Amino acid sequence: MQRPIEDHALIGDHQTAALITRTGSIDWLCLPRFDSAACFAALLGGEEHGHWRIAPKGADTCARRAYRRDSLVLDTEWDTPEGSVRVTDFMPQRDRAPDVVRVVEGLSGEVTVRSTLRLRFDYGSVVPWVRRVDGHRVAVAGPDSVWLRVQPEVRAWGRDQATHAEFTVAAGERVAFVLTWHPSHEPRPELIDVDRALRESVADWRAWAARCPYEGPHRDAVVRSLITLKALTYGPTGGIVAAPTTSLPEELGGVRNWDYRYCWLRDATLTLGALLGAGYVEEAEAWRDWLLRAVAGDPADLQILYGLGGERRIPEYEVGWLPGYADSAPVRVGNRAVSQRQLDVYGEVVDSLALARRSGLATRPHAWHIQLALLEFLRGAWREPDEGLWEVRGPRRQFVHSKVMAWVAADRTVRALEENPRLSGDADRWRRLRDEIHADVCAHGYDARRRTFTQAYGSAELDAALLLIPRVGFLPPDDPRVLGTVDAVREDLATREGFVRRYSTDGTVVDGLPGREGAFLVCSFWLADALHLTGRTREARDLFERLLALRNDVGLLAEQYDPVHGRQLGNFPQAFSHVGLAVTAFTLFGTGGRTAD
């Protein structure tokens, strides 16, 4: 039976990641990259689709688990009548080949432990050929090869197309399992020293976390969110995936299941702000540079998402042999939204470049020319309808948020020219465009009777993205239209607990899809930000506290939350949710932890 989404913990090596349940089972792992085919896909099906469980014989859920302080090294412990045992899981930052390390250690008594390794390449569809070589198990299928090394050797056997092992550990005894992937046509990679790898992994993570200057309330939650964001960064390029999973549902049993193992431009500014606010300049520069490479080319061809290296072709298809999490089908690989027109991303990119410039990141000579080219395209395109921030699969509309972000692109360019006369460009021309967009949005995107901006021109629906209007500077926080919009979004889109949905799916066809979805966590953090900006800091902090309480036992958040059933929903863990957490903490308490009243 599949475990709740929030039952999982994350380990990773800056190029891919694995999800581990409280029963000690790795139910999701793609090798060698985040966007590679999964070799453990039980998360979206059953054990027959691939998993690796290590736990005491006959035991179920662990007694406790936690990350080692300020690291991505996970300790899971069981208490049994015979004694206690710990499994330590981590992925060393790789040199060439990815390794998954699982160290079993006896804590007390004498405990019998079982390991069941069921490799299934290509999303659970391919059973590999397994053989023994030099005392190791080697699994090969097509381009994939996996080596399993156990130190010291224990009794192991094959049955039911899986590799099983059983052994006993007494207090102080250790057995280490190392799973290593490499292309099947290449020789086996060098073996790692497990003890050294563990020491270095803990030390490296703690050294990285120590660079964060934030010392305010809930520092543990902020640092955990930043570590998660770092874990979702593809090291070779600096691209940050939205999540390491595909097709975890927005509605249990529904069809709102998407592949999030790619990099979205919509996340750019807030992500950059979170990294810079936390003092991670190198990561911020890597993300900015990834952004510049990805968007290079004809501005008319700008996409809303790209692959880990900036790849543009991300075809979507359905994996019919996987039933989906909680029978939520279809399971999708790839993302058809890559072909959508979303005009807001032009503003996101320009805003990110402006933030990088103001923050003193190392300049890139071509960045300003890219910014001008994007704005030149936007000058002729901003009046067009689009699919909007939320990638609706319904008809294109005149989304207000898209227009506001077009204004942001013009505004940031005007400000840059005013602050630095050496930059090329016609400030008066872009100032006229900025004023034209602003007037148009205020005339057609605001409902004076209801005292709120709306999701789209002529629409009665609202949108949580409207909460960003004061943050991006389109209107000041004390403007009556902003105050009315914040109140309207709370009334129309917030749940009883105060968490915010992106938009209403009650009897509407905004996104062209059946079913509903949960409260969108980053939107709920946006509401906390908006409440603070509009002078309601106590309410903002109360909401922030309630949002923190939604994290699982190791501090992770999915994309959404179902307040009716008390479950996390959507892909997990979600970078945007953790960016929202960090940014709201900085907004409420300052990047150094100073209280902001």
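Reader: What covers the buried residues of helix α11?
Author: The cover includes strand β23 (452–453) and helices α10 and α12 (521–533). Contact here means heavy atoms within 4.5 Å. Helices (H or I, at least four residues) and strands (E, at least two) are DSSP runs, numbered from the N terminus. By the way, this is a predicted model: local features need pLDDT of at least 70, side-chain atom pairs count only at pLDDT 80 or more, while totals for chains, interfaces and linings use all residues. Residues are numbered from 1 along each chain as its sequence is written, and side-chain values use heavy atoms, with hydrogens and water left out.

Reader: Which residues of α11 are called buried?
Author: Val482, Gly484, Thr485, Val486, Ala488, Val489 and Leu493. Buried means under 20% relative accessible area (exposed is over 50%, partly exposed in between; 1.4 Å probe, protein chains only), so each of these residues falls under that 20% cut-off.

Reader: What is the end-to-end reach of α11, and what is expected?
Author: The expected span is 1.5 Å times one less than the number of residues. With 14 residues (480–493), α11 reaches 20 Å from its first C-alpha to its last, close to the expected 20 Å.

Reader: What makes aspartate 479 a cap for α11?
Author: One of its side-chain oxygens lies 2.8 Å from the backbone nitrogen of arginine 481, at the N-terminal end of α11.

Reader: Why is α14 described as largely enclosed?
Author: Because 15 of its 15 residues are buried. Just after α14, glycine 590 takes a positive phi of about 85 degrees.

Reader: What makes something a pocket?
Author: On a 1 Å grid over the protein atoms alone, a pocket is an open set of points with protein on both sides within 12 Å along at least five of seven lines; in a cavity, a 1.4 Å probe fits but cannot get out. Lining residues have an atom within 4 Å of a point. The largest pocket holds about 570 Å³. Its lining has 29 residues, with Pro92, Gln93, Arg94, Asp95 and Ile192 closest to the centre. Helix α2 (residues 194–209) gives the most, seven residues.

Reader: What is the volume of the second largest pocket?
Author: About 490 Å³, where volume is the space filled by probe spheres set on the points, joined across faces, edges and corners. The largest share of its lining, five residues, comes from α4.

Methods
Polar contact = N/O pair within 3.5 Å; in protein donor to acceptor, adjacent residues only side chain to side chain.
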